[in-house]
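Hi,

Here is the structure I promised to pass on. Have a look at it first, and then read my notes below.

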Amino acid sequence: MQHQRVLVLDFGGQYNQLIARRVRDLKVYCDLKPCDMTVEDIREYAPIGIIFTGGPNSVYGEDAPHVSAEIFTLGIPVLGICYGAQLIPYLLGGKVEHAETSEYGKREFSFVKDSPISEGIPNTSICWMSHTDRVTALPQGFEVLASTETCPFTAFGNVEKKIYGVQFHPEVVHSQYGNKLLENFLYAVCGAKGDWTMANFVSEQVALLKEKIGNKKVLCAMSGGVDSAVAATLIHKAVGSQLTCVFVDHGLLRKYEAEEVMEVFRDKLGMNLIKADAGERFLSKLEGVSEPEAKRKIIGSEFIKVFEEEAKKIGAVDFLVQGTIYPDVIESGKGKSAVIKSHHNVGGLPSVVDFQEIVEPLRDLFKDEVRRVGTELGLPENVVQRQPFPGPGLAIRIMGEVTREKLETLRDADYIFRDEIAKADLNREIWQYFAVITNSKTVGVQGDFRTYENVIALRAVTSVDAMTADWARIPFDVLETISGRITNEVKHANRIVYDITSKPPATIEWE
Ligand code: XMP
């Protein structure tokens, strides 16, 4: 079945992915495509509406990205946002000029004329602006729909032709009724039906996978992370025991994690799941190695060797599953290069597995959609909401050499940290939170005795994409409980410090 689709044309703005996510949250499927897509390709794509994103350029600039004005003759509704809004008058005979002062931040705006995009929105509300250029004259057939005190063309449109422009950013949360405006554009202007739901996605994918896979064999590398877990579960639902999953336990996972994976996927879901217990092997390879990159390389190559050995036992398969998700495959409007995931867990696998074709059932989904599919498939909350975890595991959270004793101390400390964050109900707002065992020992006093033990660091960050991050403002009383519990309950730890560095200049992980 073909969904209704909206096309989001990317002019390089920083919120381009956010726009696409908002549209999908409103139950309308959309794709983010480079702005140089040809009119012919757009016609063939057959969207119910087109959204132009913002962008860093000036529409009249020399290298500014444009679209052909022919787009406006296709009879497809258009919504331009910020740069995308300015492009409309620029291409259709209006005027855009440089303004003396930039407008940045929250602004009060009022509708001056009712139109389908203003339905259900109070006459005056707050929007979020970020622009220097401004529209100074509209093309024929267009009228002003909303203004602020300083920006007379805050929203404008040609209602009959279904072409609209908004100078502000409806996709960011600071625009009070931004989501409602997008909803109005999709439903009242484009005639969306809201057919993009995760329940639909699951039933359609299961049918598609059944057809594609037939009675053939599928192999999946299961890491315990959300993407591979959801991909495997979806395929299992479609073809059951034709799927074999291999889970390499490198002995560097968090406390109880390996047991949880086996319990959920093998015992509860009945998946054909093979666990390769390779902990000892990894630890002996890591003996005496303390340089971070050296540790990563050893783990990466050993992982592939272990997987290869397991794959050989299974023999040739027809399909290899990859947990690639949408942000990994989007072509950016500026760079235009498709970035394919090079996660060490799966990156090198295609070369060591005897298979015919790769199957990527989550290619169209954003991370939050992957989580919702997981929930739809009945996966438990702790699997679906799992925070990102690096392929090399705890080895890059143990500074210096990895030893059994340090691993045990770190696992116990990390477990308490996670437990208390969950109890404080902070787990959804913090992107990643984990303990690190530093290679410093300090003097302490525990039970009247002098101790000389490890310093444990706590790292917790907020982020949207891990490219940048800020340290999480965890309440002091929660930190106090965590510190008290770790020093009381965990062996070989007598001091706890909290990492208050953002990224940049630090990275999220310590190594
Ligand atoms: P950094 O430490 O570079 O991490 O700020 C950014 C994000 O990537 C994760 N990370 C990894 N993920 N294999 C992975 O699959 C790795 O080798 C790896 N190293 C870092 C990290 O946890 C954070 O989410």
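How many bridges pair strand E11 (residues 243-249) with E12, and in which sense do the two strands run? There are 6 bridges, and the pairing is parallel. Before I go on, please keep in mind that this is a predicted model.

Is Glu257 buried or exposed? Its relative accessible area is 7%, and buried means under 20%, so Glu257 counts as buried. Leaving aside residues up to four places away in sequence, Glu257 touches Arg386 and Phe389.

**Strand E4 and its partners**

Next, go to strand E4 (residues 78-81), which is covered on both faces. Val78 and Gly80 are buried on one side, and Leu79 and Ile81 are buried on the other. E4 pairs with strand E3 (residues 49-52) in the parallel sense over 3 bridges, and Gly80 is the bridge partner of Phe52. E4 is also joined to strand E9 (residues 163-166), again in parallel, by 4 bridges. There, Ile81 has Val166 as its bridge partner.

Follow the chain on from E4 and you reach Cys82, in the loop between E4 and helix H3 (83-92). Cys82 is not a glycine, yet its phi is positive, at about 55 degrees. With a relative accessible area of 5%, Cys82 is buried.

**The cores**

Which residues touch the most other members of the largest nonpolar core? They are Leu9, Phe52, Phe265 and Ile474, out of 121 residues in that core. Helix H6 (residues 226-239) gives the largest share of this core, with 9 residues. A second, separate core has 38 residues, including Val28, Cys127, Ala155 and Leu181.

If you want to trace one of these residues in the viewer, I would pick Leu9. Not counting residues up to four places away in sequence, its contacts include Ile50, Ile51 and Phe52. Lys33, Pro34, Cys35, Val67 and Ile71 are also among them.

Most residues other than glycine have a negative phi, and most peptide bonds are trans. Cys82, with its positive phi of about 55 degrees, has already come up. Asp425 also has a positive phi although it is not a glycine, here of about 60 degrees. You will find Asp425 in the loop between helix H14 (404-423) and strand E15 (432-446). Whereas Cys82 is buried, Asp425 counts as exposed, at 60% relative accessibility.

Where are the cis bonds? The peptide bond from Lys503 to Pro504 is cis, with omega near -15 degrees. The bond from Pro504 to Pro505 is cis too, with omega near 10 degrees. Pro504 is in the segment after strand E18 (493-498), and Pro505 is found in the segment after E18 as well.

**The whole chain**

Finally, the overall picture. The protein chain has 15 helices and 18 strands. Its C-alpha atoms fill a box of roughly 80 × 60 × 40 Å along the principal axes.

Of the 511 residues, 53% count as buried. The accessible surface comes to about 22,900 Å², and 48% of that belongs to carbon and sulfur atoms. Among contacts between residues at least 6 apart in sequence, 74% join residues at least 24 apart.

Best wishes

How values were computed: Residues are numbered from 1 along each chain as its sequence is written. This is a predicted model: local features need pLDDT of at least 70, side-chain atom pairs count only at pLDDT 80 or more; totals for chains, interfaces and linings use all residues. Side-chain values use heavy atoms; hydrogens and water are left out. Buried means under 20% relative accessible area, exposed over 50%, partly exposed in between (1.4 Å probe, protein chains only). Two strands pair if DSSP finds at least two bridges between them. Contact means heavy atoms within 4.5 Å. Accessible areas come from the Shrake-Rupley method with a 1.4 Å probe; for residues, only the protein chains shown count as cover. A nonpolar core is a set of buried Ala, Val, Leu, Ile, Met, Phe, Trp, Tyr and Cys residues joined through side-chain atoms within 4.5 Å.
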